[in-house]
Structure formats: C-alpha cells, structure tokens
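Here are my notes on the model, point by point. Please keep the structure open while you read.

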Amino acid sequence: MIYEASKIAVAVFLAFVGIVLGVSFFLGRKAQSAKGYYTAHGQVHWFINGVAFAGDYLSAASFLGICGMIAFYGYDGFLYSIGYLAGWIVALFVVAEPLKRLGRFTFADALDSKFNSRGIKIAAAISTLVVSIFYLIPQMVGAGTLVKPLLGFSHVQGVILVGVVVMLVVVMAGMVSTTWVQFIKGSLLVFFCTILTFMILGRGFSTKSPSGHDFQSLPLTAFDGRSDITVLPATGVWATKPYVRVSNNATGVVSVWRKEATSLTETQTVAAIVNAHTGKASKRVNGLPQGRGKGEGDLYPVGTVRKLPGDVSETGSLSFFRFFSTLQHSELLLWGNEKVTEKVGDESIETTVYFQKPTVGSKVLVAGASPTFSGLQNDKFWPKVDFLSLMLALFCGTASLPHILIRYYTVKDQSAVRKSTVVGIGSIGFFYVLTLFLGFGAMTGGTLDVTNSNMAAPLLARSFGELPFAIISAIAFTTVLGTVSGLIMAASGAVAHDLLTNVFKMELNDTSKVRAGKLVAACVGVIAMVLGVLFEKMNVNFLVGWAFSVAASANLPSLIMLLFWKRTTKQGITVAISVGMVSSLSWILLSAQAYKDVYGLDPASAITKFSQPAIVTIPLGFLTLVVVSLLTQRSAVSLPPLAASGQV
Amino acid sequence: MAADIANSENKSEDTVEDTSNDQRNARYGLLLFAVYFAFYGSFMAITLAAPKLMASESLGGMNVAIVFGFSLILAAIGLALVYMWLCSRRKSTGAGK
C-alpha cells in the first residue's frame with residue numbers, strides 16, 4: 001500500500017527526536033566515567049527504572065508485531081503477550097536480586113563472580129553479542145516499517161535514520177540517556193495506547209467500510225456470456241489454482257476472482273515482475289502499475305466486520321466485556337494469501353493473490369488461526385511441540401536477555417531492584433492487556449494493509465485522525481529508539497568491559513573504557529542497520545521469538561545452576577553457554593521457517609521438525625552443564641551454591 | 001577502638017541479618033514462582049489438550065481463552081505485589097528485632 005506522509009506526523013516526529021537528542025546531550029556530562037556510562041552510577045530511582053524496564057522491553061515486536069499478529073490472526077498474537085509477561089516472573093522471583101548482588105556492569109560479571117574464569121567471560125560476552133544482534137534485527141525492521149508511512153521515506157532510509165539517532169543517544173550519555181529515553185518512551189506508550197483503547201471501545205464495531213470499497217461476491221455464472229470482458233484460460237500454473245482471471249476488454253486490466261463453493265469473490269493482487277533480458281523490475285497492483293494517479297492502482301485497506309449480532313450495522317460504544325462477547329458472535333472479513341509464480345516470455349512474474357476469508361468471530365478468539373499456531377487446531381504432534389517450545393522460550397527468555405539484565409545495575413540495591421521489577425511488571429502487564437483491544441480494533445477497523453502486518457497499530461490510529469496517527473507513529477518510533485539503545489548498551493558493555501578489559505587484559509583507564517564503549521556502540525549500530533535492511537520482509541514478532549530462544553538456551557541454564565547447584569564448575573558454565581547458543585542458532589537456521597523466509601526454499605524439506613528450539617536446547621544446556629561440571633569436579637574448589645551461601 | 005569493635009559487631013549482625021533475609025526472599029521467590037508456573041503450565045496444557053474448552057463461553061460472555069489470558073497477566077502482577085509485600089515485611093520484622 002502507498003502511504004502519504006502527513007505534515008503533523010513529521011512535526012510530532014521531529015519534536016520527539018529533538019527531545020530525545022536534547023535529553024541525551026544534556027545528560028552527556030553525567031556519563032564521563034565507566035560507572036556512569038555503563039550503569040548510570042547505579043543511582044537511578046526505582047520507579048524511573050521500573051518504567052524504563054517497560055520502555056526497554058516493550059519493543060517494536062511488542063507494539064508492532066503483537067498488534068499486527070492479533071489484527072491478522074486474532075488470539076495467536078496474544079499468546080506472545082502472555083508469554084512475554086510470564087518471563088518476568090522468572091526474572092523477579094529467581095534471578096533479579098542475586099544478579100544485582102553478583103554483578104557490576106554486565107551479565108558476564110555475575111556469571112563469573114565465583115570463578116574469575118576467562119572462558120566464562122568470553123562465552124558470556126559472545127552470547128550477549130549474539131542475542132543483542134538477533135534482537136536488534138526486528139527492532140530495525142520495525143523502524144524501517146514505521147518511518148515509511150510517517151515520513152514517506154523508504155525502508156532503507158528509515159533504518160539508517162533510526163540507527164543514526166540511536167547511535168547519537170548512546171554515544172552521548174550511555175546508560176544515563178538510555179534510561180531517560182526508555183522512561184519517556186515507556187510512559188508515553190502506555191499512556192497513549194490506553195487512550196487509543198478507550199477510543200476503540202467508544203467507537204464500537206461497524207459493518208461499514210471506511211475506505212468506501214465493498215469487496216464483491218458474485219454468483220459462479222456472473223461472467224458467462226458477457227461481451228465487455230474476456231475470461232482468460234486457466235493455463236500453466238493457474239490451471240491448478242482456484243482462481244478465474246478476467247480481462248476488461250476496454251482497458252485490458254486483468255482482475256482475479258477466487259472460486260468458492262457457491263460464489264466468485266473479489267481478490268487483490270500484487271505482481272512483482274522482473275524482465276530477465278533487461279533486468280528491469282516493476283510492480284502491478286490489481287492489474288495496474290502501482291500508484292495513486294490516473295491509470296494506476298493501489299491496494300484497498302481491509303479488515304472489517306461483515307455481520308454483527310442482531311444484524312445491526314453499528315454497536316455504538318462498548319464495555320470491556322461487551323467488546324469480546326460482541327466479537328465472539330460477529331462475522332469478520334479476514335484475508336488469506338497465495339503466491340503464484342510463472343514465466344511469460346522474458347518476464348518472471350510472482351503474483352501474490354490476497355483473498356477474502358469470511359470468519360466467525362469465535363474462531364479468532366482462540367489459539368490456532370495463524371500459520372505459526374495452526375497445528376493447535378488439529379491432532380498433528382510437531383506443531384504442538386512447536387507451540388510448547390515457543391511458550392517455554394518466552395517464559396525462560398526474559399530473564400536471560402542481556403539488555404534487561406544490565407538494568408539491574410542501574411539502581412542502588414536489591415530492594416530497588418525488586419521494586420523496579422514490580423513496577424516494570426505492572427506497566428508491561430497493563431500494556432499487554434491493551435494489545436488485545438488494539439489488535440482487534442485494527443482487525444475490524446477497515447484500515448489494514450494486507451501486505452504488512454507490522455503497520456496495523458499506526459494505521460488503526462490513522463482511522464481516528466491524523467493527530468492520533470502522528471502521535472502513535474512517533475511513539476512507536478521512540479519505542480524502537482528505547483529498545484535499540486538498550487541493546488546497543490548491552491553489546492557495548494560485552495565488548496568493551498568483558499572482552500577488552502577482562503579477557504584481553506587491555507590496560508584501559510576510565511576514560512578509555514568509556515571511549516571504547518562508544519566506539520563499539522557505533523559499530524554495533526552499523527551492523528544493526530545492515531541487518532535491518534536484509535530482513536525487511538520478516539514478521540518482527542517471529543524474529544523476537546528466535547532471540548528469546550537463543551537467550552534462554554545460552555544464558556539461563558548457567559545462571560540458574562550457578563545459583564542453586566553447588567557442584568557447578570567454570571568449565572560447566574563455559575561449555576553450557578556455548579552449547580546452548582550454538583545448538584539453538586543451528587536449530588533455527590535449519591528450521592522450516594528459515595527455509596521459507598530466509599533462504600526461499602521449500603519449508604517441507606527443512607531438517608528440523610519444528611521451528612522453535614527451546615524445548616530441546618534449554619534442557620540440553622542444563623544437561624551439558626551438569627555433565628561437564630561432574631566431569632571437572634577434581635579441578636573445582638568445592639563451594640556452596642550462591643543462593644544457599646547468602647552470597648546472592 | 002571499642003567503637004571500632006562495636007561497629008564491626010554491628011556490621012557482622014547486619015550481614016547475618018541480610019543473608020537471612022536474602023535466603024527468606026529466595027524461598028518466597030521460589031514458592032511464588034512454582035505457583036505461577038503451575039498456572040502457566042495449566043494454560044498451555046488446556047490449550048494443547050482441550051482447545052474446545054478454551055472456546056466455550058464464560059465470564060461476561062467472554063470465552064475461557066480470553067479470561068484465562070487476562071487472568072495470567074493479572075496473576076503475574078498480583079504475585080509480584082505479594083512478593084514485594086512479603087520481602088518488605090521480613091525486613092521490617094528484622095529491623096524491629
């Protein structure tokens with residue numbers, strides 16, 4: 001879909017960027033020392049830190065990805081909300097306070113506090129880098145997605161813009177500015193999403209399409225005997241597809257209709273054409289060159305209610321309960337898609353046909369409507385394992401994410417850690433309740449771009465006017481800034497503090513350590529930009545699921561066993577981190593999802609039976625640690641587990 | 001000198017008290033973790049084994065899946081508050097002694 005930039009949106013966006021950079025510049029002098037740069041001197045107030053937790057954690061995946069997934073598939077997106085929040089239980093009840101007692105700047109400090117081992121430092125630093133970069137990808141993809149409609153920039157320009165602003169934020173004042181950017185972002189996100197939710201409830205549901213285009217459904221014989229059109233023969237790849245292609249004799253425009261049991265339904269098509277001879281690429285939308293001018297075509301916004309209970313056309317404002325009970329008994333118009341690839345002369349054409357899928361509301365209020373979780377509605381074994389594995393990754397992953405863990409060092413003591421985590425859980429939990437309203441509001445608001453689920457939330461806001469759209473888009477942009485700056489800080493600490501200072505024993509004074517951290521931050525920022533461009537088409541939420549799996553598999557077994565098993569050895573921790581990281585990454589790269597979305601291969605030929613590795617690789621991490629620790633007992637000094645000794 | 005010794009004894013008592021509080025907090029944490037894990041696990045089990053149960057209507061016309069999902073979020077917030085209260089309670093009891 002083509003988006004037009006709005007002047008209000010540009011103004012709000014620039015104001016946000018100005019505030020963020022201004023705050024960073026102002027706070028720059030407070031981050032001259034290593035302690036200031038990496039941990040904000042450990043003096044952040046617990047409430048500020050708690051909201052900053054929300055700002056750090058509620059990433060592009062939470063806001064754009066979950067809302068988009070709910071808008072396209074319903075309850076399946078909410079499963080991510082549930083899993084993401086559940087992970088905070090592990091963080092609060094098991095790891096938060098011990099980690100504060102053990103560490104200084106980074107997660108590696110805590111893991112290595114008992115052993116002073118080079119191996120642990122290297123493994124933990126590499127794991128931090130890998131997880132941070134994996135997590136950065138969806139954030140940068142989200143950034144590109146947002147800036148496109150907001151400023152009219154291309155995806156690449158959007159990614160570069162975000163990358164540059166974040167690098168400035170981090171380089172100017174490290175954790176001090178990062179904390180304040182995350183605090184501002186967390187507060188704004190929760191506040192304005194609450195307002196948007198009230199607007200959704202106030203509007204209720206309607207069967208009218210705001211775009212004015214009603215998608216047609218015709219009898220099967222509708223095209224028989226008509227002289228103004230020509231039904232194209234179903235030859236080649238079209239022979240086996242359930243579509244009828246119709247050419248308008250006057251204009252030559254070809255439309256595609258889907259054959260259902262008793263009717264022909266209107267579709268939308270996007271054809272990507274590449275001429276093998278000249279190498280020229282072009283795009284046709286609904287049979288016309290894409291554009292808004294004469295003789296050009298664009299996609300219609302979708303996502304409407306077809307039928308409401310009692311056959312009314314509008315419900316008026318709804319209460320919390322009535323919102324869901326009405327949706328449960330409504331009929332919705334969702335959309336599916338199918339790719340058709342053919343070669344015509346010198347041209348190779350990949351046509352994506354988007355077709356109508358009338359769906360009863362009760363189907364989208366339970367799990368299993370999306371391709372990711374479709375196996376939940378049948379008796380197949382592996383899809384159920386995939387679901388369990390993802391939910392396990394989300395549960396175990398939060399407490400293993402480096403950019404979350406470093407925030408435990410920005411407050412003064414354990415009590416502050418506890419209080420700030422509780423504030424974080426409250427803010428994040430409240431936001432996740434809102435995601436269900438935002439997602440279903442977008443699903444039924446008639447504003448969805450059928451090609452891009454990540455745009456669901458900003459486009460929903462646009463249905464309420466330009467100002468809400470401008471504010472929500474700018475907040476979403478700040479959302480990306482907050483999370484990316486946290487991730488870059490984590491990566492910067494891993495390289496400058498863990499590797500350069502502790503492993504390679506480089507003699508860095510306080511100023512040099514800060515300078516090294518800033519340099520690394522700039523390098524990670526550039527890598528993030530490149531990856532953000534390469535992974536443009538992937539759903540950001542799915543990518544985050546992978547990041548959680550790697551984090552949980554590599555970091556959690558070592559952290560838990562260090563705290564609760566006295567026979568844990570340094571070799572056990574080092575090998576467990578390495579095995580957890582390599583096994584989860586390998587699994588992901590050999591999964592059906594990677595075959596389909598990364599390599600463009602047939603997913604059926606993938607080596608692994610399911611995409612999410614956590615259910616295998618987390619236990620593997622624990623097992624590795626136990627086996628290696630038992631094998632290396634002779635070299636280990638017998639010490640009590642940290643949890644029992646009170647060291648934690 | 002006497003003041004130094006007294007300070008040192010106080011510090012030692014504080015450390016013992018802190019350690020004792022830390023251990024109690026850790027026990028509370030593990031107990032509450034087990035409670036939530038059981039709740040989360042039952043949600044996954046029902047989603048996998050009895051999806052039709054999730055689709056059935058319950059509170060206020062909402063289905064079980066929605067009610068269960070919201071309950072998990074509210075339970076996380078509720079247990080976090082309980083944990084904070086328990087930890088602060090131990091601390092103040094210790095201070096009172």
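Predicted model: local features only at pLDDT ≥ 70, side-chain atom pairs only at ≥ 80, totals over all residues.

1. Now take Phe191(A), which sits in helix α8 of chain A. Is Phe191(A) buried or exposed? Phe191(A) has 11 C-beta neighbours inside 10 Å, so Phe191(A) counts as exposed. Phe431(A) is 240 residues away in sequence, yet the two C-alpha atoms are 9.1 Å apart.

2. Next, the domains of chain A. The domain assignment gives domain 1 as 7–205 + 394–536 and domain 2 as 217–377. Their C-alpha centres lie 36 Å apart. At the boundary, 23 residues of domain 1 of chain A are in contact with 29 residues of domain 2 of chain A. On the domain 1 side, the elements of chain A that give two or more residues are α4 (60–73), α5, α8 (155–203) and α13. Which of them gives the largest share? The answer is α13(A), with 5 residues. By class, this side of domain 1 has 13 nonpolar, 8 polar and 2 charged residues.

3. Then the contact between chains. Here 39 residues of chain A are in contact with 34 residues of chain B. Four elements of chain A give two or more residues to this side: α5 (75–102), α9 (320–328), α11 (381–397) and α13 (414–444). The most comes from α5(A), with 12 residues. How does the side of chain A that touches chain B divide by class? There are 27 nonpolar, 8 polar and 4 charged residues.

4. Chain B is simple to describe. Chain B has 3 helices and 0 strands. From the N terminus on, its elements run α-α-α. Of the 97 residues in chain B, 25% are buried. Among the contacts in chain B with a separation of 6 or more, 59% join residues 24 or more positions apart.

5. The largest nonpolar core deserves a look. Of its 233 residues, those that touch the most other members are Cys67(A), Leu92(A), Cys396(A), Ala442(A), Ala457(A), Leu481(A) and Ala76(B). Helix α8(A) gives the largest share of this core, 21 residues. Why does the core lie between domain 1 and domain 2 of chain A? Both domains give residues to this core, so it lies between them.

6. Ala76(B) is then in contact with Leu85(A), Ala86(A), Trp88(A), Ile89(A), Ile425(A), Gly429(A) and Tyr36(B).

7. On to the strands, starting with β5 (residues 263–275) of chain A. Strand β1 (residues 217–219) of chain A pairs with β5(A) in the antiparallel sense over 3 bridges. In that pair, Pro219(A) stands opposite Ser263(A). Strand β4 (residues 254–259) of chain A is also antiparallel to β5(A), over 3 bridges. There Lys259(A) has Leu264(A) as its bridge partner.

8. With strand β6 (residues 281–285) of chain A, β5(A) pairs antiparallel over 5 bridges. One bridge there joins Ala271(A) to Arg284(A). The hairpin of β5(A) and β6(A) has 5 residues between the strands, and Gly279(A) takes a positive phi near 75° in it. β5(A) and β10(A) run antiparallel and are joined by 9 bridges. Thr267(A) is bridged to Phe355(A) in β10(A).

9. Last, follow β10(A) to β9(A). How many bridges join β9(A) to β10 (residues 347–360) of chain A? There are 14, and the strands run antiparallel. Leu333(A) stands opposite Pro358(A) in β10(A). The two strands form a hairpin with 2 residues between them, and Gly345(A) in the turn has a positive phi of about 60°. β9 (residues 331–344) of chain A also pairs antiparallel with β8 (residues 304–307) of chain A, over 3 bridges. In that pair, Val305(A) has Leu332(A) as its bridge partner.

Conventions
Residues numbered from 1 in each chain as written. Chains lettered and ligands numbered in written order. Contact = placed C-beta atoms within 7 Å. Nonpolar A, V, L, I, M, F, W, Y, C, P; charged D, E, K, R; others polar. Domains from an automatic or database assignment. Buried ≥ 20, exposed ≤ 12 C-beta atoms within 10 Å, placed from the backbone. Core = buried A, V, L, I, M, F, W, Y, C linked by C-beta atoms within 7 Å. Pairing = 2+ DSSP bridges. Lists of a residue's contacts leave out its neighbours within four places in sequence.
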